[in-house]
Amino acid sequence: MFDRLRFRRCLAPALACLLVPAVLSCAAPEQAPADLILDNGAFWTGLDAQPWAEAIAVREGRIVAVGTSDDVRARKGEQTQVLDLGGAFALPGFNDNHVHFASAARFLEFNIMAVRSQAEFEERLKETLSGLPSGEWILGGFWGAYDQWAQGSTGGRSSEPFTPDLAAVEELTAQHPLFIQKFDGSQFACNRAALRAVGLDVGRPRARGVRFLSDASGRPNGLMDG
């Protein structure tokens with residue numbers, strides 16, 4: 001007679017490898033016991049094949065088993081900590097306590113938070129442009145993130161606040177509209193390609209609610225007050 005319970009217990013270790021991408025090792029019950037078992041929960045795995053599980057086992061910071069409570073309890077040892085979630089919902093963690101995902105994505109695209117000079121700014125631009133198809137926008141920036149910290153530094157590393165010079169990179173960015181911002185949102189910067197892309201006059205840009213700044217000669221310098 002077909003033994004469903006035995007079949008399920010044999011299949012659980014294989015399913016654990018398939019259910020959750022975070023599973024880095026998938027072991028049979030006779031292997032080393034888990035450090036932590038989260039039991040009696042409603043775990044969302046994010047996979048169509050088996051979107052839900054009752055328990056997970058963790059060893060040395062890695063998920064080593066995912067499945068029913070019976071399956072995962074096989075990983076319990078004398079030193080295993082077991083937490084009963086009482087049916088609470090759980091899902092793979094985004095391990096940060098405060099992230100704005102749209103902004104975080106821009107941090108990865110073009111990040112000059114730690115840039116302290118025009119030379120560094122231009123080098124960062126070149127790195128970004130090297131893999132960017134012509135016509136693609138350059139967004140993000142977030143310069144000045146550490147200005148206040150640097151000014152108050154006790155380690156002799158204080159420096160003047162940095163502001164990117166857009167006029168100096170017009171030729172470099174001619175094929176890429178560029179629109180970046182200061183970390184606190186108090187200023188923005190764009191190149192001529194960006195002004196053209198949104199239909200503004202390059203020589204005398206005007207937009208409701210925006211104050212375009214100029215250099216000493218009165219020409220727009222690419223900066224805007226937020």
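The legends below accompany several close-up views of one predicted protein model.

The model is predicted, and local features are described where pLDDT is at least 70, side-chain atom pairs where pLDDT is 80 or more, while totals for chains, interfaces and linings use all residues. Residues are numbered from 1 along each chain as its sequence is written, and side-chain values use heavy atoms, with hydrogens and water left out.

**Figure 1. The protein as a whole contains 6 helices and 12 strands.**
Helices (H or I, at least four residues) and strands (E, at least two) are DSSP runs, numbered from the N terminus. Of the 226 residues, 32% count as buried, where buried means under 20% relative accessible area, exposed means over 50%, and partly exposed lies in between, using a 1.4 Å probe and protein chains only.

**Figure 2. The largest nonpolar core has 16 residues.**
A nonpolar core is a set of buried Ala, Val, Leu, Ile, Met, Phe, Trp, Tyr and Cys residues joined through side-chain atoms within 4.5 Å. Those with the most contacts inside the core are Phe 110, Ile 112, Phe 121, Leu 125, Trp 143 and Ile 180. Helix α4 (118–129) and strands β8 (138–143) and β9 each supply at least two residues of this core, and the largest share, 3 residues, comes from α4. A second, separate core of 8 residues includes Phe 43, Val 58, Ile 63 and Val 66. In soluble globular proteins, nonpolar side chains tend to be buried together.

**Figure 3. Strand β9, at residues 178–182, holds Gln 181.**
Gln 181 counts as buried because its relative accessibility is 18%. Leaving out residues up to four places away in sequence, Gln 181 touches Gly 140, Gly 141, Phe 142, Trp 143, Gln 187 and Phe 188, where contact means heavy atoms within 4.5 Å. With its neighbours within four places likewise left aside, Ile 180 is in contact with residues including Phe 110, Ile 112, Phe 121, Pro 164 and Ala 189.

**Figure 4. Phe 142 and Glu 60 have a positive phi although neither is a glycine.**
Most residues other than glycine have a negative phi. Phe 142, with a phi of about 65°, lies in strand β8 and counts as buried because its relative accessibility is 6%. Glu 60, with a phi of about 50°, is placed in the loop between β4 (55–59) and β5 (62–67), and counts as exposed because its relative accessibility is 63%.

**Figure 5. Three strands form an open sheet in the order β3-β2-β7, with mixed pairing.**
Two strands pair if DSSP finds at least two bridges between them. Strands β3 (52–53) and β7 (89–90) stand at the edges, each with a single partner strand, so one side of each has no neighbour in the sheet. Strands β2 and β3 run antiparallel and are joined by 2 bridges, and the bridge partner of Phe 43 in β3 is Ala 53.

**Figure 6. Trp 44, Trp 52, Phe 89 and Leu 91 form a nonpolar patch on the surface.**
Together these residues have about 440 Å² of accessible area. Patches are made of residues with over 30% relative accessible area and no salt bridge, with like charges joined within 9 Å and nonpolar side chains (Val, Leu, Ile, Met, Phe, Trp, Tyr) within 5 Å. Trp 44 lies in strand β2 (residues 42–44) and counts as partly exposed because its relative accessibility is 37%.

**Figure 7. The structure holds 7 salt bridges.**
A salt bridge is a side-chain nitrogen of Lys or Arg within 4 Å of a carboxyl oxygen of Asp or Glu. Arg 59 and Asp 35 meet in one of them, at 3.9 Å from N to O, and this pair links distant parts of the chain, with Arg 59 in strand β4 and Asp 35 in the loop between α1 (4–19) and β1 (36–39), 24 residues apart. Asp 35, Arg 59 and Glu 60 are linked in a network of salt bridges. Asp 70 forms a salt bridge with Arg 73, with the closest N and O atoms 3.6 Å apart, and both residues lie in helix α2 (residues 69–73), about one turn of the helix apart.

Methods. Accessible areas come from the Shrake-Rupley method with a 1.4 Å probe; for residues, only the protein chains shown count as cover.
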